[in-house]
Amino acid sequence: MDREQMSICCGLSRRRRAYDLSMRSLLYASAAVICALLVFLIGYILFRGIPHLSWQFLSSEESVIKGIEGILPALINTLYVVIATLIIVLPLGVGSAIYLTEYASNRKLVSAIEFATETLAGMPSIIFALVGVIVFCEFAGLGTSLLAGAFSLVMMTLPTIIRTTQESLKTVPQSYREGSLALGGGKWHMVRTVVLPSSVDGIVTGCILAVGRIVGESAVLMFTAGMGMRLAKYGHSFGQFFENLFDSSGATLTVALYNYAKERADFESAFAVAVVLLAIAFVINIAAKLAGSKLKKH
Amino acid sequence: MCDNSEKTIIQSKKLNLYYGENHALKDIDIEIPVNRITALIGPSGCGKSTFLKTLNRMNDLVPGVKIDGQVLYRGEDIYGREVDVTSLRRQIGMVFQKANPFPMSIYDNIAYGPRTHGIRSRARLDEIVERSLRDAAIWEEVKDRLNKSALGLSGGQQQRICIARALAVEPQVLLMDESTSALDPISTSKIEELAMELKNRYTVIMVTHNMQQALRISDYTAFFLLGELVEFGDTQTMFSKPGDKRTEAYITGRFG
């Protein structure tokens with residue numbers, strides 16, 4: 001085409017315009033498929049599960065004789081496992097992250113450890129289950145118990161906690177550290193008064209997401225914490241709490257869902273549990289977002 | 001090198017510093033007089049900031065740094081074995097190039113140092129905070145908003161907050177690392193005025209890229225080039241009759 005003849009309205013050839021259009025429709029289509037899937041999935045779970053949900057279902061222990069169905073034991077077991085895991089994993093994970101970013105001076109060792117935690121973070125959870133059974137249930141003599149489950153989940157969530165804490169420590173400007181040290185602060189004083197307060201939002205968000213992983217985990221807990229649907233003798237004292245951790249075994253919500261669906265083919269109850277899990281996931285995500293923005297420094 | 005009638009507070013002897021392979025300071029011998037403003041000038045990368053940071057051992061934080069020779073503070077080697085870095089830094093305070101207030105209230109920023117060193121009494125802290133803010137010439141601007149975040153202040157105000165924060169631990173020496181380079185002219189002149197005010201009670205050592213600033217406010221000037229201390233002496237003399245060709249070339253703006 002001659003230079004003078006070229007006008008702005010035929011800037012794109014027909015072929016290029018067709019190509020552009022087809023790519024655009026493909027992208028729209030994939031977005032539409034994803035949205036449809038999501039809506040269908042959530043809609044279907046709610047549709048099947050909600051009719052079966054009742055206060056009694058949430059607040060009672062099942063009894064074949066009385067003909068009562070209930071997931072209270074699973075709710076309580078989930079709570080136990082979440083609390084016990086967090087109590088162990090938080091000091092360990094946040095502590096190692098602080099060591100790795102603030103104290104360790106051997107860069108090679110640090111990158112080796114970081115590589116290892118990344119690998120661990122990507123490991124299938126069934127492997128943690130296997131190790132948990134051998135180390136905690138058998139070797140440490142905990143048997144199948146909530147505590148063995150919690151320990152196994154500690155292994156599983158530790159890399160995540162370390163990574164997220166490290167990431168958020170790294171966002172703290174170096175100038176804060178210098179400022180604190182230049183005033184004669186010791187290293188731990190600096191970490192405690194300047195670094196941790198400025199990174200607490202990221203650390204809390206990481207923890208909340210770890211809670212999400214704990215609540216959603218099933219394989220590890222089936223192996224190590226048991227599958228029973230009975231209620232542990234629960235009490236309100238601290239002593240009772242620890243006793244239960246050692247003594248009782250039982251299904252958490254995800255494992256209960258498995259029980260209902262796979263062992264008993266009771267899909268109504270399974271879907272009702274799924275609704276509860278969905279609600280928990282929703283709450284956890286909201287909490288993570290809120291923690292991220294509310295705890296943001298000044 | 002400098003006037004014998006002056007009392008020395010910091011002295012370096014054959015000070016050499018290496019960042020790995022890089023020989024950043026070469027045989028620095030200097031005697032810094034007490035209660036004066038000493039300016040460290042020289043082109044970028046000449047070692048003036050590095051030298052400043054050896055004085056409160058902030059270079060310890062840099063991996064791979066190696067230091068030879070001596071730095072004496074009131075006659076004591078600060079790199080000596082039994083020296084406690086935290087108490088050294090309490091006596092030799094520092095204000096950085098970029099204002100770095102902590103993400104806390106103005107009050108907590110100023111009280112940070114005293115609290116670090118164990119002062120808990122609220123009345124005592126109130127007194128220190130007010131005195132420090134007055135000394136840093138910012139009390140009037142912030143006295144009604146002490147509980148507001150320090151990050152909400154302007155750059156010049158933040159830098160004066162940082163000066164107040166450094167003064168709150170009652171140091172003997174104040175190191176200023178290009179502390180006005182990120183500020184507008186009005187804020188800069190406030191801080192210069194402040195430095196002149198402070199030298200009655202503190203020894204001020206400042207790194208500056210601004211030759212006019214060195215001439216305006218410093219009593220002594222040290223000229224660094226490629227890791228060497230080329231010349232050190234009385235500021236007026238140095239700017240009117242520099243003893244070294246390189247100094248003359250630099251201060252007349254032929255390089256740097």
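Predicted model: local features only at pLDDT ≥ 70, side-chain atom pairs only at ≥ 80, totals over all residues.

I'll go through the overall build of the chain, then its domains, then its surface.

Let's start with secondary structure. Chain A has 12 helices and 2 strands. As for overall form, the radius of gyration of chain A comes out at 25 Å, while the globule rule gives 19 Å for 298 residues, so chain A is more spread out than a compact globule. You can see that in the C-alpha trace too, which spans about 90 × 60 × 35 Å along its principal axes.

Now, how is chain A divided up? The domain assignment gives us domain 1, residues 3-52, and domain 2, residues 55-297. Between the centres of domain 1 of chain A and domain 2 of chain A, over C-alpha atoms, there are 38 Å. The two do touch: 8 residues from domain 1 of chain A and 10 residues from domain 2 of chain A take part in the contact.

On to contacts within the chain. Taking those in chain A with a separation of 6 or more, 75% are between residues 24 or more positions apart.

And what about burial and surface? Of the 298 residues in chain A, 41% count as buried. Chain A exposes about 16600 Å², and 69% of that comes from carbon and sulfur atoms. Last, the charges: chain A carries 24 positive and 19 negative side chains, with the centres of the two sets 9 Å apart.

That's it from me.

Note on methods: Residues numbered from 1 in each chain as written. Chains lettered and ligands numbered in written order. Heavy atoms only, no water. Helix = DSSP H or I, 4+ residues; strand = E, 2+ residues; numbered from the N terminus. Rg over C-alpha atoms; globule rule 2.2 N^0.38 Å. Buried < 20%, exposed > 50% of the residue type's maximum accessible area, 1.4 Å probe, protein only. Contact = heavy atoms within 4.5 Å. Areas by Shrake-Rupley, 256 points an atom, 1.4 Å probe, with all protein chains shown as cover. Lys, Arg positive; Asp, Glu negative; His and termini not counted. Charge placed at Lys NZ, Arg CZ, Asp CG, Glu CD. Domains from an automatic or database assignment.
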